[in-house]
Amino acid sequence: MGRDQGAVRDGRRRGVAFVYHDNDRVGAWVLDRIPYVESWSPGYQTIGLERRGKLVAAAVFEHFTGHDIDVSLAVDGKWVSPNFLRAVFKYVFCQLTCRRISCEIAGQNTAMRHIAGRLGFKDEGVKRDAVPGNNLVMMGMLRSECRFL
């Protein structure tokens, strides 16, 4: 689907738009920012956030089980729109009706681990040496723990 068809304007700020139904472009943007991920599993879905026509944040959802889904989140800079976060969590917990959301973050990526913790994700374990030269920290959030709904 083309960019105009996939972009939905965020009514609160000019020049800001959510991007739906543009999995190839949004997925590629996230892949460029997570060095240990080579591709997405079949059936992945995305939500992006554009500012002035450029992606600034995106979430990739994969491995949906009906109860849980994995998310990979990428952000340019330190700021993430609360409206974007609400869209991400409403998609997972309201539209898909998952009971939990999971993510894996490189152990050395302390900035993203801190952001995930501030969003409400909890440490659930470590996959030692899961990617070359790094561990992956498994984090998760239950629907009852999500403050964005």
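## Where Ser 102 sits

Which strand holds Ser 102? In this predicted model, the residue belongs to strand β6, which covers residues 100-106. Its relative accessibility is 8%, and because buried means under 20%, Ser 102 counts as buried.

Let's look at what the serine side chain meets.

Leaving aside residues up to four places away in sequence, Ser 102 touches Asp 68, Ile 69, Asp 70, Val 71, Met 139 and Gly 140.

Now for the nonpolar side of the story. Ile 101 is among the residues with the most contacts inside the largest nonpolar core, which has 34 residues; Phe 61, Phe 84, Phe 89, Val 92 and Phe 121 are the others named for this. Strands β2 (16-19), β3 (45-51), β4 (54-62), β5 (68-75), β6 and β8 (134-142) each supply at least two residues of this core, as do helices α3 (82-95) and α4 (110-119). The most comes from α3, with eight residues.

With residues up to four places away in sequence again set aside, Ile 101 touches Asp 68, Ile 69, Val 71, Phe 89, Val 92, Phe 93, Phe 121, Met 139, Gly 140 and Met 141. There is also a second, separate core of twelve residues, including Trp 29, Val 37, Trp 40 and Val 60.

Note on methods: Residues numbered from 1 in each chain as written. Predicted model: local features only at pLDDT ≥ 70, side-chain atom pairs only at ≥ 80, totals over all residues. Heavy atoms only, no water. Helix = DSSP H or I, 4+ residues; strand = E, 2+ residues; numbered from the N terminus. Buried < 20%, exposed > 50% of the residue type's maximum accessible area, 1.4 Å probe, protein only. Contact = heavy atoms within 4.5 Å. Core = buried A, V, L, I, M, F, W, Y, C linked by side-chain atoms within 4.5 Å.
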